[in-house]
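The following note sets out, point by point, what may be read from the structure shown here.

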Amino acid sequence: MTDPIKKVIIVPCSGIGKPYGTVSREAAYAVTEDLRPGQTQLVPLALLVLGDEQSRASVSACPAVTIDGCKLACAAKMVQQSGGTIAKEFAVLDVYRRYKDLKPQGIAELNEGGQKLARVLAEEVTAVVDGLLTGRQGGENA
Amino acid sequence: MSEFLETTIDKFTFKVATDRFYTLEGVWAKEENGRVRIGLSDFVQQRSGDVAFAEIKPAGTVLATGEELAVIETIKVNITYTSPVNGKISEINPAMADAPEAINQDPYGKGWLAVMEVVDWEAQRAKLLDPPAYFKIMKGQAEEEAKNL
């Protein structure tokens with residue numbers, strides 16, 4: 001019998017200055033601040049890279065959902081290197097391929113398509129979070 | 001199995017397959033039993049970034065050298081690539097519809113774009129770059145871009 005999952009860690013891409021990285025962060029903000037604020041926690045990738053103890057402890061204690069902006073998959077790699085368990089890996093490009101009309105553009109400020117894509121992505125992440133919290137889903141990588 | 005010319009610039013390694021011919025823009029053409037398979041070089045796919053969509057002219061389209069063959073949308077740019085030969089498209093890669101990332105993963109293999117029926121391949125090949133010539137040009141382009149990193 002395992003303890004129920006009480007919180008899910010969200011780790012987005014840190015690609016500053018790139019639209020796909022910005023989409024990943026906007027989606028993470030939407031999940032952690034608007035959609036599931038009590039059940040999720042955003043851990044900045046930069047803190048994991050720096051070896052921040054509190055951030056490493058967070059990803060070690062709870063399942064993580066990573067959102068990467070490109071195939072380098074820095075978020076997923078850093079969670080693994082930090083001793084965390086990835087419940088689900090998302091890639092912005094995979095979502096965009098399913099929503100071709102939502103082309104993300106802009107960097108500091110996403111265009112409308114990018115904002116909508118971030119919302120779609122956030123809803124997909126939220127579905128995974130809900131599945132983990134209710135025990136319906138262990139995540140494809142768990 | 002292809003063999004490659006290879007160079008590493010900064011942290012990037014670029015390969016040029018030695019069993020095919022190239023345009024200046026990095027489109028390759030490989031003769032196979034009277035038809036020519038076409039794709040993008042490793043340097044082109046790395047420089048362009050992750051491919052989101054690949055729109056290729058449909059089978060049956062007749063193209064002259066230099067006419068639009070495909071538009072590739074990546075996370076960085078939209079690029080139009082032109083045909084390296086005169087001919088008719090007889091087949092396009094079905095993987096491009098659902099998995100265009102094959103261009104990034106295997107540019108000289110599963111990431112091919114189209115197959116064309118051509119007339120007088122030998123004459124058309126003479127207008128393309130052989131692997132050492134393209135390798136030299138590609139290396140220069142890569143070194144130039146590395147200065148801007």
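1. B:Ile38 counts as buried because it has 26 C-beta neighbours inside 10 Å; a residue is buried if 20 or more other C-beta atoms lie within 10 Å of its own, exposed if 12 or fewer, and partly exposed in between, with C-beta atoms placed from the backbone. B:Ile38 lies in strand 5 of chain B. Helices (H or I, at least four residues) and strands (E, at least two) are DSSP runs, numbered from the N terminus. Leaving aside neighbours within four places in sequence, B:Ile38 is in contact with residues including B:Val27, B:Trp28, B:Leu69, B:Pro84 and B:Leu113; contact requires C-beta atoms, placed from the backbone, to lie within 7 Å. The C-alpha atoms of B:Ile38 and B:Asp19, 19 residues apart along the chain, are separated by 12 Å.

2. The model is predicted: local features need pLDDT of at least 70, side-chain atom pairs count only at pLDDT 80 or more, and totals for chains, interfaces and linings use all residues. Residues are numbered from 1 along each chain as its sequence is written, while chains are lettered from A and ligands numbered from 1 in the order in which they are written. Chain B averages a pLDDT (the predictor's confidence in each residue, from 0 to 100) of 95, and 100% of its residues score at least 70. For the complex, the predictor gives an ipTM of 0.71 and a pTM of 0.84.

3. Which residues have the most contacts inside the largest nonpolar core? They are A:Ala27, A:Leu121, A:Val125, B:Ile38 and B:Leu113, in a core of 76 residues. Such a core is a set of buried Ala, Val, Leu, Ile, Met, Phe, Trp, Tyr and Cys residues joined through C-beta atoms within 7 Å. Helix 6 (residues 112-134) of chain A gives the most to this core, with 8 residues. Not counting residues up to four places away in sequence, A:Ala27 touches A:Pro12, A:Ile67, A:Ala118, A:Leu121, A:Ala122 and A:Val125.

4. In chain B, 6 strands form an open sheet with antiparallel pairing, in the order 3-4-5-11-10-7. Two strands pair if DSSP finds at least two bridges between them. Strand 3 (21-22) and strand 7 (62-63) of chain B are the edge strands, each pairing on one side only. Strand 5 (residues 35-40) and strand 11 (residues 114-117) of chain B are joined in the antiparallel sense over 4 bridges. Opposite B:Arg35 stands B:Glu117, in strand 11 of chain B.

5. An open sheet of 3 strands in chain B has the order 6-8-9, again with antiparallel pairing. Its edge strands, strand 6 (51-56) and strand 9 (78-82), each pair on one side only. Strand 6 of chain B pairs with strand 8 (residues 68-74) of chain B over 5 bridges, and B:Val51 has B:Thr74 in strand 8 as its bridge partner.

6. Between the chains, 7 residues of chain A are in contact with 5 residues of chain B. Helix 5 (residues 92-98) of chain A gives the most to the side of chain A that touches chain B, with 3 residues.

Conventions:
Contact = placed C-beta atoms within 7 Å.
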